[in-house]
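This report looks at how one chain is divided, and at one contact between its parts. Start with the structure itself.

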Amino acid sequence: MTSQVSSHAEQADSAVVGGQRKPSGDGGKEVRRLDRVIIRFAGDSGDGMQLTGDRFTSETASFGNDLSTLPNFPAEIRAPAGTLPGVSSFQLHFADHDILTPGDAPNVLVAMNPAALKANIADVPRGAEIIVNTDEFTKRAMQKVGYASSPLEDGSLDGFHVHPVPLTTLTVEALKEFELSRKDAGRSKNMFALGLLSWMYHRPTEGTESFLKSKFAKKPDIAAANITAFRAGWNFGETTEDFAVSYEVAPAAQAFPTGTYRNISGNLALSYGLVAASRQADLPLYLGSYPITPASDILHELSKHKNFGVRTFQAEDEIAGIGAALGAAFGGSLAVTTTSGPGVALKSETIGLAVSLELPLLVVDIQRGGPSTGLPTKTEQADLLQAMYGRNGEAPVPIVAPRTPADCFDAALEAARIALTYRTPVFLLSDGYLANGSEPWRIPEVDELPDLRPQFAHGPNHTLDDGTEVFWPYKRDPRTLARPWAVPGTPGLEHRIGGIEKQDGTGNISYDPANHDLMVRTRQAKVDGIDVPDLEVDDESGAAELLVLGWGSTYGPITAAVRRLRNAGQQVAQAHLRHLNPLPGNLGEVLKRYPHVVVPEMNLGQLATLIRAKYLVDARSYTQVNGMPFKAEQLATVLKEALDG
Amino acid sequence: MADTTTTHSSGQTRREAQTPARTLLSLVPKAEAKQSMKDFKSDQEVRWCPGCGDYAILAAVQGFMPELGLARENIVFVSGIGCSSRFPYYMNTYGMHSIHGRAPAIATGLASSRRDLSVWVVTGDGDALSIGGNHLIHALRRNVNLKILLFNNRIYGLTKGQYSPTSEVGKVTKSTPMGSLDAPFNPVSLALGAEASFVARTVDSDRKHLTDVLRQAAAHDGTALVEIYQNCNIFNDGAFEALKDKQQAEEAVIRLEHGQPITFGVDQAKGVVRDPATGDLRVVDVTDANRAQILVHDARSASPTTAFALSRLADPDTLHHTPIGVFRSAERPVYDTQMADQLDTATEQNGKGDLGALLTGNDTWTVVG
Ligand code: SF4
């Protein structure tokens, strides 16, 4: 798709699909069919926009559209009301075909107050629909964000299709049978808005109603009030003249392979991947973690699954989080620590110890804007070189990066495979966009999952010259170069390990220069020799001159941009790295095939630096560090420029 | 805690009268054959300076271990960085020599995931109280089942002689040519303030006392902190001489025994009483008139208040009136036990985890080809 707005305006016959409540196509209201829609809900941090977006997403997922979401919220829990920094938004892109990104520009903006309008209007193209809560457009509220006159009246929204709706008043009116103050009743205005949008886009509603019932199970009055507001919003769409048209976006049946699907966010998929890895490895899962945005949700999620034998330890700090995990790894657990960039900085020394001890350990970094505290709730990919090199000494650590929210599941299993097979810490580099974004996920069959069971050491592995059988903790598997994993409790294998350099084989302390040289090179060779699949290149015609190489969460925007170019008749090759260390064995050969290589990244060119150094190719870096994912249109333009030379 | 199982090895009937019978040691498998001190010596050459107090502590620990009768493979020593932290290399058990200050955190992960292990932490005053202070206090407040041996020599040895967080004020060292400025920690006071359930102090050169304290620490359910005054004969020689010199020690050392009046000195002529005005403790000459007021040591008191007051009796400069022995040995919920209990409860309530059901969730749709 190259244009959202035109497709939005396409007309279609008025067959209606959906859940139990259906807009009455025969009530004189027109129904148009669209192939895709981008909606952005925006309001104050306290307006419940994330919840509203989540609910609309669930409705959309259960309807069977393909979808992609982009929550965007301030770091402050309750930023000052009515201000620009306090605006929280949730963008959802859904379609009757497969899509890759949360969309560049909304077709519909729901603005709950003047701040939400002001903060988002620049992203909204002319012709789009804007639903505003007129109750909040008071003189004071408008002045607070610098509107000298009302944008609803001064013509500044000419060219948009504006629906002025007194959402608060209508909600309060709908709830008058409940004994609630105006303020309390007004709180349900997000559910009114959700009801209205659900009507507009023929979303099934029963899921939201049962969600509200269970969310407020202990407060049935509040549940009933929210459901009433939700239905009132739906009915408002059905009856009011201002909303003359409703839209349907057919399920994306063609886009999905056969299977059972659910909607899933990156952090949830990653958590499930860890639980699955523990089961597939037949090892108890141990998470040592310290709360940090945007990784804490993994700690929350795993702490719910104690009946899977999952132990979660909320430590006193980041260092203790990884320390406890490493202790559990020594004891034979599948050990994990979860964090974000600042936490990785604190864990560096312990990661180095894990490199030296050669124990399996997953270090999950949900990257956010940096340096220092940076932008805690925004996304970035700027920890790549920290993961790669951010330790004292030569301390190579494998790196795996998921490409989409659902892919976090598979990436977690892959990181566990490497850690367990090669007895090494492994970085799993996700980011804020993947963590909070969501998409449909084909639920795997449990018996499709890889077997990750490790071999523990059970007896001596070395014969001394005098014929004595002994256990050498640093005698390696010749194929993987992994050392044996002998857990405490195994008789006869008592041994001591530590961060001081060890003698090859025996593991005894050794300050011998030649031995150190050997051990440094051996640890590097072990990581370099990790079995990773070759990089697949998507080059339909085989005639492309330009390769776009990405890693991590840029997969969606890059793929969408490449599609646009191909639709416009251009030849572009695309490849996306899951393994950043070691890089796939064929990468050098792939890079040399293309005269032009562009590497888009949400940092200042970290992967580009790596591959330029390693392969001596003139890769061109294209970067953005504004805390947001790339827009497909913008990437398409850049790639077009690269093509045109 | 149930008072039924006596888990430690034989020959301790007298002890059992003093120490409540504990249960967590019973989770650690027993050795099949009788052990000797030799079984706990590794093949590694010990590399402390000749005359270092660490040798005596190592010998005492290796000598005590057979008494526990635990399977050697189920014992783990974890250390940080410093002279004392080389300790695990010399024990023929599992061991980890980790990084500076982090041993309590690493041991927490091990102990809380493997309750069949007897986990010991060996640390020093710099390792435990400076760079690793945070981990120490949090291990103590959680009451993880760890035995922490804190070798206190009041100096940095491995980095060749800088003052440490237990050095007396005004200490002249390489890094403090005009004398150190910062007030020292009292490790026992610190541990009690951090909610430690077991706190003891002993001295490297007193093998019998050291062994007795180790025995009580090993039997304790939860974190046991044992401060061991250790002589660094290279950089801080004689730091504890006041407690070791026969003549001085009589007046300097107060031996704490649970259930016994706290008296010391020649003929036990001195005693500790509570000042009725301040509630604080002070040392008095014991007379017939005040004999009844002499404080009886209660290590098992639920309140750490008196134990804390005892820890403040010592003069940090002269070490006069230094109590040694077990200050506190109280029952408190143990972190790893409760963690295991939560896993059991979750399984009882929700059944054993079903991965397929977890992945599927409640909100699915099906695409048919
Ligand atoms: S420097 Fe001091 S503490 Fe370290 S080994 Fe030598 S004597 Fe012992």
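Domain bounds here come from an automatic or database domain assignment. The model is predicted. On that basis chain A has domain 1, domain 2, domain 3 and domain 4, with the bounds tabulated below.

| Domain of chain A | Residues |
|---|---|
| Domain 1 | 2-255 |
| Domain 2 | 261-448 |
| Domain 3 | 455-528 |
| Domain 4 | 537-643 |

The rest concerns domain 1 of chain A and domain 2 of chain A. Their C-alpha centres lie 35 Å apart. Domain 1 of chain A brings 16 residues to the contact, and domain 2 of chain A brings ten residues.

How much area do domain 1 of chain A and domain 2 of chain A bury between them? The value is about 900 Å², with 56% of it on carbon and sulfur atoms. On the side of domain 1 of chain A, the most area is lost by Leu67(A), Thr69(A) and Phe73(A). Together these residues account for 41% of what that side buries.

Polar terms come next. Between domain 1 of chain A and domain 2 of chain A there are zero salt bridges. Four residue pairs are in polar contact across this interface, both residues at pLDDT 80 or more.

Which elements of domain 1 of chain A give two or more residues to the side that touches domain 2 of chain A? They are helix 2 (49-63) and strand 3 (66-72) of chain A. Strand 3 of chain A supplies the largest share, seven residues. By class, this side of domain 1 of chain A has nine nonpolar, six polar and one charged residues.

Terms used: Residues numbered from 1 in each chain as written. Chains lettered and ligands numbered in written order. Predicted model: local features only at pLDDT ≥ 70, side-chain atom pairs only at ≥ 80, totals over all residues. Heavy atoms only, no water. Contact = heavy atoms within 4.5 Å. Buried area = accessible area lost by both parts, 1.4 Å probe. Salt bridge = Lys/Arg side-chain N within 4 Å of Asp/Glu carboxyl O. Polar contact = N/O pair within 3.5 Å; in protein donor to acceptor, adjacent residues only side chain to side chain. Helix = DSSP H or I, 4+ residues; strand = E, 2+ residues; numbered from the N terminus. Nonpolar A, V, L, I, M, F, W, Y, C, P; charged D, E, K, R; others polar.
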